[in-house]
Amino acid sequence: MRGVDPRLAERYHRLGYWENQTFCNYLERNIERWPDRLAVIDSTRRVTWREMGERVERTAAGLLHLGVQAGDTVAVQIPNRVEFFYLRFALQRIGARALTLAADLREGDLAPALRAAGCWVVVTPLEYRGFNYFGMFHRLREHVPTLKQIVLVDDGESMAVPSISQWIERADITDLAAVGPGIGPNEVDLLMLTSGTTGMPKLCGRTANVFAYRARTMNERIGLTAEDRLLSLAPITQGIGQLFGLACFMVSGATLVLLERFAPEEALRAIEREEVTVAAGVPTHALRMMACGHVGEVDLRRLRLFVLGAAGCPPAKQRELERTLGCATLNYYGMAEIGIPAIPFANDPPSIRHETSGRILPGMEVKFVDEDGSAMAPGECGEVLVRGPGVSMGYLGDNEGNDRLFDAEGWGHTGDLGYLDRDNILHVVGRKKDIIIRGGLNIVPREIEDLIASHPSVRQVAVIGLPDPELGERACVVAALRPGHRLALNELVDFLRTHEISTYKLPERLEIVDELPVTAIGKIDRRNLR
């Protein structure tokens, strides 16, 4: 795994970008300040900071009794439940790290990840959404020689299997007195399975310093404090879900609200019931909530901000969201590997919150290069390169991947195209690999998507390139429509012509679908679409 240049690390420490606090330190601080305040509200339980601290200690004792040692990596495939925190902080407490896995991953993706991380323990529910996870991991032991032990989230006593619930009830914490300081803030305490910049699954490493920096800067930009109630909608094992569903609420001390399974109506009801002030998720979450027939029946007056990440959300849809939900929205840009270089402020005008990625964060650096790696002139569009205290440690056991991701000076290649305007505001126009090349001319899908999203019949849209023997590629629009609406290709083309775009950018195929396919965290799955 890639390290950080010592000179850069020294600067990040000296300037205060890295506070040298682990998430166990943040937990101790929150217990001391607000012992009886609610820390987490999930779909079935309400837990205070004091209760969380006690259950983390008992979970740590259970892990020790099981044989987990400092330096081990434990796989975690848990839906949005409070037990995730007991386990995550307990592992850090005893010096082990977590490999977090999305709930919808199956044997084909899990086996290589477990082998690469050397996991001998996995923690999972017995069953979730009708799928038997215990049975899956039992079968996986034949293909992953290191995998020896399955721990259940729920009570596994009748199956003679250890579980977090048993540890919380009975574990003896006496042995914890002899445990060392745990994983330090500059050591990798988290591995997360990502698609990487090449689309192939990779294990991306983070430290507490990196993750806390991301959370602290996000909290500063959106105004998140201990007085807020934060609804995090994405899976807690993945990027945006971990940022808001772990780091942001821990660093701020806010009360976290989780839904075990996202459903638009239940999300709206939770905002009303729990008096949520800030919600965070991918654009798909917000758009489905806006389209829910019950949106006018709930009281959303406490909600002041909806933060959208992991994918772009067209400005027209953000304006519609603000009208429907009665709160501000902002769309930030980032990647698991390179972090978040810029974030709009919650009080920025809509032209910044909706149409840009905001101003560069303190400590983060960006530059833009052409295909040959030469720097672009100020204001010119090129590939976005990022460096700074929010950048990850790269990939585990993948030197070639790290060499593609980072150059010798520590600049991370995003694979995205963008530019900085004269006000130091970042504009990201799309992925390099998503560019459609029609007859030698480039079409940026996001430009066309943002225009189509303003069509009154369109609920969700993606523009992809399809192979063409004559022109190389042609632009295809895939759209989900509002209930009762119809749309033909000629109507769509006429609509786009009113925006005076170049003729070669006009789509030549239209596919209407009920729903666009999405990835585990809710991003539009363009590979599947193609």
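Reader: How many bridges join strand β20 to strand β21, and which way do the strands run?

Author: Start with the bridge count, then the direction. In this predicted model, four bridges join β20 (residues 382–387) to β21 (residues 412–420). The two strands run antiparallel.

Reader: What is the strand order in the open sheet of three strands?

Author: The order is β16-β17-β18, and the pairing is antiparallel. β16 (333–335) and β18 (359–360) are the edge strands, each with a single partner, so one side of each has no neighbour in the sheet. Two bridges pair β16 with β17 (residues 339–343) in the antiparallel sense. Tyrosine 333 stands opposite alanine 342 in β17.

Reader: Where do the side chains of strand β3 point?

Author: First the general idea. In a regular strand, side chains alternate between the two faces of the sheet. Now the case. In β3 (residues 73–76), Thr73 and Ala75 point one way, while Val74 and Val76 point the other way. All four are buried.

Reader: Which strand does β3 pair with, and is the pairing parallel or antiparallel?

Author: β3 is joined to β4 (residues 97–100) by four bridges, and the two run parallel. Arginine 97 in β4 is the bridge partner of threonine 73.

Reader: How many aromatic pairs does a search of the whole structure find?

Author: Eleven. To read one, check the distance between ring centres and then the angle between planes. For tyrosine 17 and tyrosine 213, the centres are 6.1 Å apart and the planes stand at 80°, so this pair is edge-to-face. The cut-off for that class is over 60 degrees.

Reader: Which parts of the chain does that pair tie together?

Author: Tyrosine 17 lies in the loop between α1 (6–14) and α2 (23–33), and tyrosine 213 lies in helix α8 (residues 208–222), so the pair ties together parts that are 196 residues apart in sequence. Tyrosine 213 has 2% relative accessibility, so it counts as buried.

Reader: What geometry do tryptophan 49 and phenylalanine 249 show?

Author: This aromatic pair is stacked, at 5.6 Å centre to centre and 20° between the planes. Tryptophan 49 belongs to helix α3 (residues 49–66) and phenylalanine 249 to helix α9 (residues 239–252), so the pair ties together parts that are 200 residues apart in sequence. Both residues are buried. They also belong to one aromatic cluster, formed by Trp49, Phe84, Phe85, Phe89 and Phe249.

Reader: Which charged ends sit over rings?

Author: Look for a charged end placed over a ring, then read the distance to the ring centre. Arginine 106 has its charged end over the ring of phenylalanine 131, 3.7 Å from the centre. Lysine 202 has its charged end over the ring of tyrosine 395, 5.1 Å from the centre.

Reader: At what angle do helix α11 and helix α12 cross?

Author: Take the axis distance and the angle together. The axes of α11 (residues 283–291) and α12 (residues 315–325) come within 10 Å and cross at roughly 50°. That makes α11 oblique to α12. The crossing of α11 past α12 is left-handed.

Reader: How do α2 and α3 pack?

Author: The angle is about 140°, with the axes 8 Å apart. That makes α2 oblique to α3; roughly antiparallel would need an angle over 145 degrees. α2 passes α3 in a left-handed crossing.

Reader: Is aspartate 172 buried or exposed?

Author: Compare the relative accessibility with the cut-off. Aspartate 172 has 53%, so it counts as exposed. Aspartate 172 is in the loop between α7 (164–170) and β9 (188–194). Its C-alpha is separated by 9.2 Å from that of glutamate 57, 115 residues apart along the chain.

Reader: And is alanine 280 buried or exposed?

Author: Alanine 280 is buried, with a relative accessible area of 2%. Alanine 280 lies in strand β13 (residues 278–281). Alanine 280 and lysine 367 are 87 residues apart in sequence and 28 Å apart in space, C-alpha to C-alpha.

Notes:
Residues are numbered from 1 along each chain as its sequence is written. This is a predicted model: local features need pLDDT of at least 70, side-chain atom pairs count only at pLDDT 80 or more; totals for chains, interfaces and linings use all residues. Side-chain values use heavy atoms; hydrogens and water are left out. Two strands pair if DSSP finds at least two bridges between them. Rings of Phe, Tyr and Trp (its six-membered ring) pair if their centres lie within 6.5 Å; planes under 30 degrees apart count as stacked, over 60 as edge-to-face and the rest as tilted. Buried means under 20% relative accessible area, exposed over 50%, partly exposed in between (1.4 Å probe, protein chains only). A charge sits over a ring if NZ of Lys or CZ of Arg is within 6 Å of the ring centre and within 35 degrees of the ring normal. Axes are lines fitted to C-alpha atoms, for helices over the stretch in contact, and angles run from 0 to 180 degrees between N-to-C directions. Angles under 35 degrees count as roughly parallel, over 145 as roughly antiparallel, 65 to 115 as roughly perpendicular and the rest as oblique. A crossing is left-handed if the near helix is turned anticlockwise from the far one by less than a right angle, and right-handed if clockwise.
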